[in-house]
Amino acid sequence: MLYRAKRLPVLTIAKDHMASGTDGAKSIHVLGNPDAPVTLEEFGDFQCPPCGVISGPINQLEQDYHPRLRVIFRHFPLTIHQHAREAALASEAAGRQGHFWQMHDVLYREQAVWSKAADVRPLFDAYAGMLGLKIDRFKKDMESDEVKRRVSADQQQGAALGVTVTPTILINNRALPPAASLNPASLRAAVEAAMNIKSPH
């Protein structure tokens, strides 16, 4: 109970401080305007097919509603997915070289390929090379404690908020029903509703 009480406010606090970059210890990846009035936050798993399906529409929403919408991605690799945690580490390692979102998009685009691989490392190294990353540094960062801690911090935060499935999507801290999270039209409607609520300010 105490653990939940301590963890629950983090979601709001982290967002308030995100624009100033004071929350660097957490794994915060913001797409779009960091000061946008509406925030779409996803707890996702790179090996989760529904997450892969919705990633394109989410990117499109950010483009369509820029600069009023920012998108945040947090890791929630599920244990049922053999390579999900390694994929999360790969995205974080790419993020250390300023290419988190590019790796995010590649991992979802190529999900059907690496999900079936016995050993995903060569594929992830190839994706890193394709993005122009320094491969030696990428490999080293994938193994680093800091990268592992960033993925774990997101997971702990998700667990404290009651996240159990991916994708779990929150609009301005309010979780959408699972069906709405998987429906691009419902997602767009939720973003527009949040914008209408925010617009008078």
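Let's start with helix 4, residues 84-95: at 1.5 Å a residue, its 12 residues should span 16 Å, and the end C-alpha atoms sit 17 Å apart, which agrees. Keep in mind, everyone, that this is a predicted model.

Now, how many of the 12 residues of helix 4 are buried? Nine of them are, so the helix is largely enclosed by the rest of the structure. If you want to follow along on the screen, the buried ones are Ala84, Ala87, Ala88, Leu89, Ala90, Ser91, Glu92, Ala93 and Ala94.

Stepping back to the whole chain, we have 11 helices and five strands. Of its 201 residues, 49% are buried. The exposed surface comes to about 9700 Å², with carbon and sulfur atoms supplying 56% of that. As for contacts, take those between residues at least 6 apart in sequence: 78% of them join residues at least 24 apart.

Let me finish with the largest pocket, which holds about 190 Å³ of space. Two elements give two or more residues to its lining, strand 5 (174-175) and helix 11 (184-198). Which of the elements gives the largest share? That is helix 11, with five residues.

In total, 10 residues line this pocket, and those nearest its centre are Ile171, Asn172, Arg174, Ala194 and Ile197.

Conventions: Residues are numbered from 1 along each chain as its sequence is written. This is a predicted model: local features need pLDDT of at least 70, side-chain atom pairs count only at pLDDT 80 or more; totals for chains, interfaces and linings use all residues. Side-chain values use heavy atoms; hydrogens and water are left out. On a 1 Å grid over the protein atoms alone, a cavity is a set of points where a 1.4 Å probe fits but cannot get out, and a pocket is an open set with protein on both sides within 12 Å along at least five of seven lines; lining residues have an atom within 4 Å of a point. Grid points are joined across faces, edges and corners, and a volume is the space filled by probe spheres set on the points. Helices (H or I, at least four residues) and strands (E, at least two) are DSSP runs, numbered from the N terminus. Buried means under 20% relative accessible area, exposed over 50%, partly exposed in between (1.4 Å probe, protein chains only). Contact means heavy atoms within 4.5 Å. Accessible areas come from the Shrake-Rupley method with a 1.4 Å probe; for residues, only the protein chains shown count as cover. The expected span of a helix is 1.5 Å times one less than its number of residues.
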